[in-house]
Each structure stands twice: as C-alpha cells, then as structure tokens.
Amino acid sequence: MTDRSEDAVLDLSIDDASCLRTLRSWLRERLDDERLVDVELVCVELVTNAIEHARAPRAVRIRLAPRGRARIEVDDAGPPRALAPRLPTLHELRGRGLALVDALSTWGVRLTPTGKTVWASL
C-alpha cells in the first residue's frame, strides 16, 4: 500500500458490471503489487456475486487503512440468506468465488433492514 496517513475510502453504487472498471482503477492507484492481487480479487468476487445473485439497490464500500488493512462491504437488497463457500465439481466452470474469498480474507454476512451486507477484511 502506498504511504498515506489517512484511510482511503471508496463508496460506489453498483448498477451493473461496468462499475468493476472504476473499482479496479481506484484500487490500482492506491495499492502496491503485493496487496493489489488479493484485495482486487476479493472485491471483484463480492461485487460480481451481488450483480449476479442479488437485487438492487447495490453498493460497495472499500476502506484501505494506512497500515495495509482493507475492508470491503457490499450491500444488496437480496433476500437474507446464509452464504457458504462450496467446492464445485470438476466439470463446473463457475462457483469458486466464495471459496477464494474465504481463502484470502475473514468475511461474513450482516443482515440489514433492507437486505444484507457481505463484508471481507484482509
């Protein structure tokens, strides 16, 4: 992470996958190569899951702390439900996203009055 004395914060509405370009650009301006890959992967997986599986309104918040910590929160209006990583069969092309998030971060789901927030800390 670059040397900053304050947290860097992004708060972005998620309408469709076009927001991923903004998200990636913001991260690449603020993280060094060592942290970028993991943080970007977790962000993209959580945002993509919200786009593909949850209802709008959707939003993502990212907080990058000066000492290298990252907190990602993705809100959606989807039904509150338990989320768990799974091991897809060898023939499935998809379904590994939460397993990757689980391997790279501490994460969870917080229910809200309008849906849920999926969060991850790295």
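Is E73 buried or exposed? In this predicted model, E73 has a relative accessible area of 13%, and under 20% is the cut-off for buried, so E73 counts as buried. Its side chain meets that of R110 in a salt bridge, at 3.9 Å from N to O. E73 sits in strand 3 and R110 in strand 4 (residues 106-112), so this pair links parts 37 residues apart in sequence. R110, at 35%, is partly exposed.

K116 belongs to strand 5, so here the tie spans 40 residues of sequence. Both ends are buried: K116 at 5% and D76 at 6%. Salt bridges with shared partners also connect R61, R71, E73, D75 and R110 into one network.

Now for the nonpolar side of things. The largest nonpolar core holds 30 residues, and L23, L27, L46, V60, I62, L64 and I72 have the most contacts inside it. Helix 2 (33-53) is among the elements that supply at least two residues each, and its share of 8 is the largest. V60, leaving out residues up to four places away in sequence, touches E73 as well as residues including L10, L23, V47 and I72.

Finally, look at how helix 2 packs on helix 3: the angle is about 145° and the axes are 9 Å apart, in a left-handed crossing. Helix 2 brings D38, L41, V42, E45, L46 and N49 to the contact, while helix 3 brings G97, L98, L100, V101 and L104. By type, that contact has 7 nonpolar, 2 polar and 2 charged residues.

Methods
Residues numbered from 1 in each chain as written. Predicted model: local features only at pLDDT ≥ 70, side-chain atom pairs only at ≥ 80, totals over all residues. Heavy atoms only, no water. Core = buried A, V, L, I, M, F, W, Y, C linked by side-chain atoms within 4.5 Å. Buried < 20%, exposed > 50% of the residue type's maximum accessible area, 1.4 Å probe, protein only. Helix = DSSP H or I, 4+ residues; strand = E, 2+ residues; numbered from the N terminus. Contact = heavy atoms within 4.5 Å. Axes fitted to C-alpha atoms, helices over the stretch in contact; angles between N-to-C directions. Left-handed = near helix turned anticlockwise from the far one by under 90°. Nonpolar A, V, L, I, M, F, W, Y, C, P; charged D, E, K, R; others polar. Salt bridge = Lys/Arg side-chain N within 4 Å of Asp/Glu carboxyl O.
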